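Visitor: I would like to learn how to read the features of a structure, one at a time. Please show me the general idea and then the case at hand.

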Amino acid sequence: MDPTLRAAAEAARGFMPADEGLALHEAAVAAATIDGPFLEVGSYCGKSSVYLGAAAREVGRVLFAVDHHRGSEENQPGWEWHEPDLVDPAVGRMDTLPHFRRTVHDAGLEDVVIAVVGPSPTVAAHWTTPLAFLFIDGGHGIEPARADFEGWTPQIAPGGTLAIHDVFRDPADGGQAPYEQIYLPALAAGFEEVSATGSLRVLRRTNGVGGSSRAGGPR
Ligand code: SAH
Ligand code: MG
């Protein structure tokens, strides 16, 4: 990874350890054998966006970064992952969009990292371009995780890559929704595991048939 962008990613605020970020970057570069853009669900302040945006720049793609920027349930006041200074006092709700924009600007990635601001299921319902690479790191409740699996995994092109963050087999290590609602269903749908780094899992959509009806062809 480009050393300047790596430093920018490591300095950015967010929830992505450096080894997982580098693995994410590497997986996205490798996905460029397949046509199509990259897309992430859950950008927060743009940390993973820089790892993936750097990959997009290297291989001549773009990254669509989908987030409503109001925080997940687990980011709200009183929850474990809340950061109080991310609340917009004028609105009384979280707003990570200014931080995201600043991160992407400072990394010099505004031409390859394209923010899509809104609810993930709504964007997914209107999305039509097959993806070379999909990274899911959105809401980690059962329903948001299930909706991201249902809405986004069918959009991956045959041979394309699915990366999932915060996958914990053991409940003692973390919440179970990404594991139970995304990782296991993807395997059941015919995705094959390529690598594991920390809580990051990288899977590939096998060419041709996509497995069960839960992950049909790209729409
Ligand atoms: N990938 C980030 C961390 C993402 S945190 C990093 O590297 O630091 C999860 C993000 O998912 C939050 O910013 C939250 O706003 C977003 N999110 C959660 N549920 C969402 C939904 N239904 N639609 C859009 N974004 C959502
Ligand atoms: Mg995460």
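Visitor: What should I know before I start?

Guide: This is a predicted model, in which local features need pLDDT of at least 70 and side-chain atom pairs count only at pLDDT 80 or more, while totals for chains, interfaces and linings use all residues. Residues are numbered from 1 along each chain as its sequence is written, chains are lettered from A and ligands numbered from 1 in the order in which they are written, and side-chain values use heavy atoms, with hydrogens and water left out.

Visitor: How do I read a sheet, and what is the order of the strands in the open sheet here?

Guide: Start with the terms: helices (H or I, at least four residues) and strands (E, at least two) are DSSP runs, numbered from the N terminus. Two strands pair if DSSP finds at least two bridges between them. In this model, seven strands form an open sheet in the order β5-β2-β1-β6-β7-β9-β8, and the pairing is mixed. The edges are β5 (113-117) and β8 (191-197); each has a single partner strand, so one side of each is left without a neighbour in the sheet. On average, neighbouring strands of this sheet are turned by 20 degrees against each other, direction ignored. For such angles, axes are lines fitted to C-alpha atoms, for helices over the stretch in contact, and angles run from 0 to 180 degrees between N-to-C directions.

Visitor: Which strands run parallel to β6?

Guide: Strand β1 (residues 38-41) is joined to β6 by four bridges and runs parallel to it; in this pair Leu39 stands opposite Leu134. β6 also pairs with β7 in the parallel sense, over five bridges, and there Ile136 has Ile164 as its bridge partner. As for burial, a residue is buried under 20% relative accessible area, exposed over 50% and partly exposed in between (1.4 Å probe, protein chains only). Six of the six residues of β6 are buried.

Visitor: How many bridges join β9 to β7, and how many to β8?

Guide: β7 and β9 (residues 200-205) run antiparallel and are joined by four bridges. Thr161 has Arg204 as its partner, and Ala163 has Val202.

Visitor: How do I read a metal site, and which residues are the protein donors of the magnesium ion (ligand 2)?

Guide: List the donors, which are N, O and S atoms within 2.8 Å of the metal (3.2 Å for Na, K and Ca); water is not among the atoms, so sites may look incomplete. For the magnesium ion (ligand 2) they are Asp137 (OD), Asp137 (OD), His165 (ND1) and Asp166 (OD), lying 2.1 to 2.7 Å from it. The spacing of the donor residues in sequence is D-x27-H-D. Asp137 lies in the loop between β6 (131-136) and α6, and Asp166 in the loop between β7 (156-164) and α7 (177-188), so the pair ties together parts that are 29 residues apart in sequence. Both aspartates, Asp137 and Asp166, are buried.

Visitor: Which residues other than glycine have a positive phi?

Guide: Asp166 is one of them, with phi near 65 degrees; its relative accessible area is 17%. Tyr44 is another, at about 55 degrees. Tyr44 is found in the loop between β1 and α3 and counts as buried at 10% relative accessibility.

Visitor: How do I read a pocket, and which residues are closest to the centre of the largest one?

Guide: On a 1 Å grid over the protein atoms alone, a cavity is a set of points where a 1.4 Å probe fits but cannot get out, and a pocket is an open set with protein on both sides within 12 Å along at least five of seven lines; lining residues have an atom within 4 Å of a point. Grid points are joined across faces, edges and corners, and a volume is the space filled by probe spheres set on the points. The largest pocket holds about 950 Å³ of space. Its lining has 40 residues, and those closest to the centre are Ser72, Glu74, Gly138, Gly139 and His140. The largest share of the lining, three residues, comes from α6.
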